[in-house]
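Me: I've just opened this one and would like to be walked through it slowly. Could we start with how the helices pack?

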Amino acid sequence: MSRDDRRTRFVVIGVGNRDRGDDAVGPLIADAVRDLHGDGVDTFVCEGDLSDLAMRWSAHDRVVVVDAMVSGRPPGSIVETDACRSTMPTGERILSSHGVGLADAIELGRLLDRLPRQLTVIGVEASSFEPFEPASSQVVDAVPEVVRRIGEIVTSQIP
């Protein structure tokens with residue numbers, strides 16, 4: 001499929017594990033976006049290996065990926081990065097409990113010329129990754145703000 005043949009629909013990808021505390025933030029946000037926007041925005045959750053992420057997002061021009069991050073900021077802090085224009089910040093790390101992390105998947109997509117036209121990564125600062133624990137209140141409190149921001153991105157870029 002050539003770059004010009006791609007669908008222009010938005011996709012929001014929630015990365016994380018629903019059963020590991022704050023790592024659930026990506027799936028929580030993907031669920032909230034789906035509930036709010038319905039069929040207007042594609043969403044999916046990636047709970048496992050991220051090595052095929054570049055292939056999954058290549059059918060879309062506009063992609064937002066949400067994941068837990070660990071940077072030393074207060075829990076619930078939100079960081080937005082344009083991953084097409086810059087590499088993931090080296091002082092920060094989007095947390096990965098996966099064999100291939102998000103930064104690796106992005107660089108693989110760049111190498112294979114499989115990056116979408118627009119790729120926004122939103123990281124939410126996490127603090128707890130205990131198995132079978134719920135997300136912390138600070139991370140849960142950040143969900144509406146991230147969903148609002150995704151709504152702004154979606155509406156500002158409708159063709």
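Me: What are the distance and the crossing angle between the axes of helix α1 and helix α4?
Reply: The axes of helix α1 (residues 25-37) and helix α4 (residues 137-156) come within 9 Å and cross at roughly 50°. Axes here are lines fitted to C-alpha atoms, for helices over the stretch in contact, and angles run from 0 to 180 degrees between N-to-C directions. Helices (H or I, at least four residues) and strands (E, at least two) are DSSP runs, numbered from the N terminus.

Me: And where does this model come from?
Reply: It is a predicted model, in which local features need pLDDT of at least 70 and side-chain atom pairs count only at pLDDT 80 or more, while totals for chains, interfaces and linings use all residues. Residues are numbered from 1 along each chain as its sequence is written, and side-chain values use heavy atoms, with hydrogens and water left out.

Me: Back to the helices: what do we call their orientation, and which hand does the crossing of α1 and α4 have?
Reply: Angles under 35 degrees count as roughly parallel, over 145 as roughly antiparallel, 65 to 115 as roughly perpendicular and the rest as oblique, and α1 and α4 are therefore oblique to each other. Their crossing is right-handed, a term used if the near helix is turned clockwise from the far one by less than a right angle, with anticlockwise giving left-handed.

Me: Which residues in α1 and α4 meet?
Reply: From α1 the residues are Val-25, Leu-28, Ile-29, Ala-32, Val-33, Leu-36 and His-37, and they meet Val-139, Val-143, Val-146, Val-147, Ile-150 and Gly-151 in α4. By class, this contact has 11 nonpolar, 2 polar and no charged residues. Ala, Val, Leu, Ile, Met, Phe, Trp, Tyr, Cys and Pro count as nonpolar, Asp, Glu, Lys and Arg as charged, and the others, Gly among them, as polar. Contact itself means heavy atoms within 4.5 Å.

Me: Is Asp-31 buried or exposed?
Reply: Asp-31, which is found in helix α1, counts as buried because its relative accessibility is 17%. Buried means under 20% relative accessible area, exposed over 50%, and partly exposed in between (1.4 Å probe, protein chains only). Not counting residues up to four places away in sequence, Asp-31 touches Arg-18 and Val-45.

Me: What about Val-41, where is that?
Reply: Val-41 sits in the loop between α1 and β2 (42-46), and at 4% relative accessibility Val-41 counts as buried. Leaving aside neighbours within four places in sequence, Val-41 is in contact with Arg-9, Phe-10, Val-12, Val-33 and Val-154. The C-alpha atoms of Val-41 and Gly-151 are separated by 9.7 Å, although the two are 110 residues apart along the chain.

Me: New topic: how many helices and strands does the protein chain have?
Reply: The protein chain has 4 helices and 6 strands, and from the N terminus on its elements run β-α-β-α-β-β-β-α-β-α. Of the 159 residues of the chain, 48% count as buried.

Me: Where is confidence lowest, and where is it highest?
Reply: Confidence is lowest in strand β5 (residues 93-94), at a mean of 48, and highest in α1, at 95, where pLDDT is the predictor's confidence in each residue, from 0 to 100. Over residues 89-98 the pLDDT is below 50, and beyond near neighbours in sequence this stretch has 31 contacts in the model. The mean pLDDT of the protein chain is 84, and 85% of its residues reach 70 or more.

Me: Last one: which value does phi of Phe-132 have?
Reply: Phi of Phe-132 is near 65°, a positive value in a residue other than glycine. Phe-132 lies in the loop between β6 and α4, and at 71% relative accessibility Phe-132 counts as exposed. Asp-113 has a phi near 55°, also a positive value in a residue other than glycine, and lies in the loop between α3 (102-111) and β6 (118-125).
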